[in-house]
Amino acid sequence: MITRHTVISLGISQLVCWGISYYLIAAFGARIAEDLGWTDAIVYGGFSASLVIMAITSPLTGRLIDRYGGSIVMSIGSILLALGCAGIASSHSIAAYYFSWMVLGLAMRLSLYDAAFAALARIGGVHSKRPISQITLLGGLASTIFWPIGFFLTETFGWRPALIIYATLALLTLPLHLSLPKGRFNEGSHTADAAMPPLSPAATTAREKWIAGSLYALIFTLLNFLNSGMSTHMITILAGLGLTAALSVWISTLRGIGQSLARVCEVLFGARLHPVSLTILASALLPIGFITGLFSGEFLTAALLFAFLFGAGNGLMTITRGTLPLILFDHVTYGTYVGKLLVPGFLLSAIAPIAYTYVINRFGEQTALIGSAGLAFIIFALSLVLKSRYYTDASKKKQPIP
């Protein structure tokens, strides 16, 4: 049921939806603060408010997708994306600005990766690993494409008209979401995927499900914190380390290139790579990237590697965020259960922009990178724990340790 048309439609929609929502604040935040005379904390706080709404609505969104499918839910997301962007564009008060971001937060939960992954799991069941990887290819280029577009539109027309253009782009994703299949995966009527043999849930008992869910939630809660912090402050950090503003913007776009190239490699060569093994590989790239970033002010190559390695690691981790639940839990309740596990991640990522702003202003950009490297090492360690308990392969399944 997951056709090439479905994969392409979701891939294009993810490129646009991520670019005009999650990456919006990095392109427009400084100009909004300057024009309205607000502090950075107020402006970036709007993005934080949207992430809180994503957390609050995450369990309900998962249940709705399990019940009604991604077509209806993600189409509503397209409409709300347009309303949120238009609302920010017309905001003159803090109340209107924050309300618009809250609308955008609900829209992001209904339209971004986690909704798309749940929609694919409902359509393809345990065989949706490949399509989940494929739709992230275009989505990974969102920052690379939309950061420069956002800065160009702002310089050319101003940030308010630029956001109206973003609202128009949001509506263009509506036909893509409406075209998604409305059926549900029927295990008895599908043949096994040669690239990824069917996997029964690794966490079979209530205790093991709780442990697996806790590890999954911890890994992606910390990752969401890092991703949120870098999405809002990577350009600021590079500029603070001594690079020019323009150079910082263009180097930051390597993050998207790293995401997409890593995902291309996974799609081409990782068909039989177990999701747990991919998680370990991806999480190992993150601390290396942050440590390299400490030398960005002295060596341009270090700045390039920092943006690229973070993008590559985060890009692969995005895939495992969607595929790990397929081997850990029952795919029938994918949307509902994963929706609950993602709540802490959305909440902590809401704090990240403000936390990074505080650390950078008080202690400097290098301290922010050192702290990020520490969190990345914890993610890597948790991935090793996950492997020790739940690693399986096609020929022999290792049962969960009692």
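How many salt bridges does a search of the whole structure find? The search finds three, a salt bridge being a side-chain nitrogen of Lys or Arg within 4 Å of a carboxyl oxygen of Asp or Glu. The structure is a predicted model, in which local features need pLDDT of at least 70 and side-chain atom pairs count only at pLDDT 80 or more, while totals for chains, interfaces and linings use all residues. Residues are numbered from 1 along each chain as its sequence is written, and side-chain values use heavy atoms, with hydrogens and water left out.

The protein chain contains 18 helices and zero strands; helices (H or I, at least four residues) and strands (E, at least two) are DSSP runs numbered from the N terminus. Its radius of gyration is 20 Å, close to the 21 Å given by the globule rule for 402 residues, so the protein chain is as compact as a globular protein of that length. The radius is taken over C-alpha atoms, and the rule is 2.2 Å times the number of residues to the power 0.38. Along the principal axes, the C-alpha trace of the protein chain spans about 60 × 45 × 35 Å.

Of the 402 residues, 60% count as buried, where buried means under 20% relative accessible area, exposed over 50%, and partly exposed in between (1.4 Å probe, protein chains only). Among contacts (heavy atoms within 4.5 Å) between residues at least 6 apart in sequence, 85% join residues at least 24 apart.

The protein chain has 24 positive and 14 negative side chains, and the centres of the two sets lie 10 Å apart. In this count Lys and Arg are positive and Asp and Glu negative, whereas His and the chain ends are not counted. The place of a charge is taken as NZ of Lys, CZ of Arg, CG of Asp or CD of Glu.

One of the three salt bridges joins the side chains of Glu 155 and Arg 31, with an N to O distance of 2.6 Å. This pair links distant parts of the chain, with Glu 155 in helix α8 (residues 142-157) and Arg 31 in helix α2 (residues 24-36), 124 residues apart. Glu 155 counts as exposed because its relative accessibility is 59%, and Arg 31, at 28%, counts as partly exposed.

A further salt bridge is formed by the side chains of Asp 114 and Arg 321, at 2.9 Å from N to O. Asp 114 belongs to helix α6 (residues 113-124) and Arg 321 to helix α15 (residues 300-328), so that distant parts of the chain, 207 residues apart, are linked by the pair. Asp 114 is buried at 12% relative accessibility, as is Arg 321 at 6%.Glu 266 forms a salt bridge with Lys 129, the closest N and O atoms being 3.3 Å apart. Because Glu 266 lies in helix α13 (residues 254-269) and Lys 129 in helix α7 (residues 129-139), the pair ties together parts that are 137 residues apart in sequence. Glu 266 is buried, with a relative accessible area of 4%, and Lys 129 is buried at 6% relative accessibility.

Individual positions were also examined. Leu 254 is found in helix α13, and beyond its neighbours within four places in sequence it is in contact with Leu 304, Ala 307 and Phe 308. The C-alpha atoms of Leu 254 and Phe 146, which are 108 residues apart along the chain, are separated by 12 Å.

Ala 55, in helix α3 (residues 40-68), is buried with a relative accessible area of 2%. Apart from residues up to four places away in sequence, Ala 55 touches Val 343, Phe 346 and Leu 347. Ala 55 and Leu 309 are 254 residues apart in sequence and 28 Å apart in space, C-alpha to C-alpha.

Arg 389 lies in helix α18 (residues 365-390) and is buried, at 16% relative accessible area. Between the C-alpha atoms of Arg 389 and Glu 208, 181 residues apart along the chain, the separation is 9.3 Å.

Ser 179 is located in the loop between α10 (174-178) and α11 (206-240) and counts as partly exposed, at 31% relative accessibility. Ser 179 touches His 5 and Ser 9, residues up to four places away in sequence not being counted. The C-alpha atoms of Ser 179 and Asp 66, 113 residues apart along the chain, are separated by 17 Å.
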